[in-house]
Amino acid sequence: MKRFKNRDIIDINDFPREELLYILKIAKKFDPVFVKKDRSNYTIAQGKIAALLFFEPSTRTEQSFRSAAQKIGMGTIGFNDPEATSIHKGESFSDTIRIMDAYADVLIIRHPEAFSAKTAADVAQIPVINAGDGPNQHPTQTMLDLYTILKQFGRLDNLKIALVGNQKHYRTMHALSAAMFKFSNNKIYGISPKGLEMPAEFKHANYFDEPIDMRKLNRKLSEIKPDIIYAGRIPKEYMKGDVKKYSYQIDKETLKCLPKSTVIMHPLPRVNEIDPEVDASPAAIYFTQARNGLYVREALLTLILGRI
Ligand code: NCD
């Protein structure tokens, strides 16, 4: 295993299986499900600063990183409205990064362009965390997805996962697909409208494209019998034209078509993909999934600051 101190987190493929498992093990130390006593973590990274540079909207990723940083004693700076910064005056992305690099100990960046986090890491001297680079990847979301799966099933192998929605432009599905093939015997079924299949670079031998008319979703799911349904929003900001035709919904009828043990995940925000009437079902683990993001991000910050 490479040292975590000062590492960038840009691409899920930079993390082999044993490193991912190590991150998940450290995340348990921050999770009240596993750590009953109230641990005082606020001295872990006291005096360090996290800069949150959000060039794109976010609720969970931004706020859970902010909370994670503060829970381990860090201060936070940054912005989520680039128009309120010198970018409005025409400052370049690289110059903005160079400046924030001087004021912080770690940069957490979300940006609408693919590979922008890599560009930032090339400019910055301090570690950079990719919090979503356009339609490319969202590696920390994947780490919390893996944590959620491990907590639920006790394993990351021998699982059948149905990805539902637009796989072509959906960064969390890209990185999750790539990550699941680091473990053994997983099968992934990409259920998407035709033309919105997973890009080749995120697929491996046991990836099965299942392009369908989304009105037939329940039938397809009853054939596949997945352990996990991983649903996603139709990311209209990266698509052209009318996207309404791609919409779908998982509802109580869908639950009837599934084995009792199937769980439903979603990185959130959902729009209409999951009927709120599903929320009360034990299959619905998407809010727990979002909660897990906090523990995984506390672990990541602790690790890359070298405080473990
Ligand atoms: C996702 C994202 O931003 O990629 N949300 C998240 O970070 N939890 C999914 C989305 O935007 O639909």
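Analyst: Gln 289 counts as buried, at 1% relative accessibility. The model is a predicted one.

User: Why is Gln 289 called buried?

Analyst: Buried means under 20% relative accessible area. Gln 289 has 1%, so Gln 289 is buried. Gln 289 lies in helix H9. Beyond its neighbours within four places in sequence, Gln 289 is in contact with Gln 141, Leu 144, Asp 145, Thr 148, Tyr 230, Met 265, His 266 and Pro 267.

User: What makes Asp 81 buried, exposed or partly exposed?

Analyst: Its relative accessible area is 40%. Exposed needs over 50%, and buried needs under 20%. The value falls in between, so Asp 81 is partly exposed. Asp 81 sits in the loop between strand E2 (75-79) and H3. Its C-alpha atom is 6.5 Å from that of Phe 55, 26 residues apart along the chain.

User: How do you know whether Thr 96 is buried or exposed?

Analyst: Thr 96 has a relative accessible area of 5%. The cut-off for buried is under 20%, so Thr 96 is buried. Thr 96 belongs to helix H3 (residues 93-103). Leaving aside neighbours within four places in sequence, Thr 96 is in contact with Phe 79, Ile 87 and Glu 91.

User: And what makes Val 128 buried?

Analyst: The relative accessible area of Val 128 is 0%. Buried means under 20%, so Val 128 is buried. Val 128 is part of strand E4 (residues 128-133).

User: How do you know that Val 128 is in contact with residues beyond its neighbours in sequence?

Analyst: Contact means heavy atoms within 4.5 Å. With neighbours within four places left aside, the contacts of Val 128 are Asp 8, Ile 9, Ile 10, Leu 107, Ile 109, Ala 117, Ala 120 and Ala 121. Take Asp 8: Val 128 and Asp 8 are 120 residues apart in sequence, and 4.9 Å apart in space, C-alpha to C-alpha.

User: What makes the largest nonpolar core a core?

Analyst: A nonpolar core joins buried nonpolar residues through side-chain atoms within 4.5 Å. The largest has 61 residues. Met 74, Ile 108, Met 143, Leu 146, Ile 149, Leu 163 and Leu 301 touch the most other members. Helix H9 (residues 286-304) gives the most to this core, with 8 residues. At least three residues come from each of domain 1 (12-138 + 292-304) and domain 2 (139-289). Apart from this core lies another, of 21 residues, among them Tyr 189, Ile 224, Ile 229 and Leu 268.

User: Which residues is Met 74 in contact with, leaving aside neighbours within four places in sequence?

Analyst: Met 74 is in contact with Ala 45, Lys 48, Ile 49, Ala 50, Ala 69, Val 106, Leu 301 and Leu 305.

User: How do you know that domain 1 and domain 2 are in contact?

Analyst: 35 residues of domain 1 are in contact with 30 residues of domain 2. The domain centres, taken over C-alpha atoms, are separated by 25 Å.

User: What lines the largest pocket?

Analyst: The largest pocket has a volume of about 350 Å³. Of its 20 lining residues, Arg 110, Arg 171, Arg 233, Leu 268 and Pro 269 are the closest to its centre. By class, the lining has 7 nonpolar, 7 polar and 6 charged residues. Helix H2 (60-71) and helix H6 (171-180) each supply at least two residues of the lining. Domain 1 and domain 2 each give at least three.

Technical notes: Residues numbered from 1 in each chain as written. Predicted model: local features only at pLDDT ≥ 70, side-chain atom pairs only at ≥ 80, totals over all residues. Heavy atoms only, no water. 1 Å grid on protein atoms, 1.4 Å probe; cavity = no way out; pocket = protein on both sides within 12 Å on 5 of 7 lines; lining within 4 Å. Points joined across faces, edges and corners; volume = space filled by probe spheres on them. Helix = DSSP H or I, 4+ residues; strand = E, 2+ residues; numbered from the N terminus. Nonpolar A, V, L, I, M, F, W, Y, C, P; charged D, E, K, R; others polar. Domains from an automatic or database assignment. Buried < 20%, exposed > 50% of the residue type's maximum accessible area, 1.4 Å probe, protein only.
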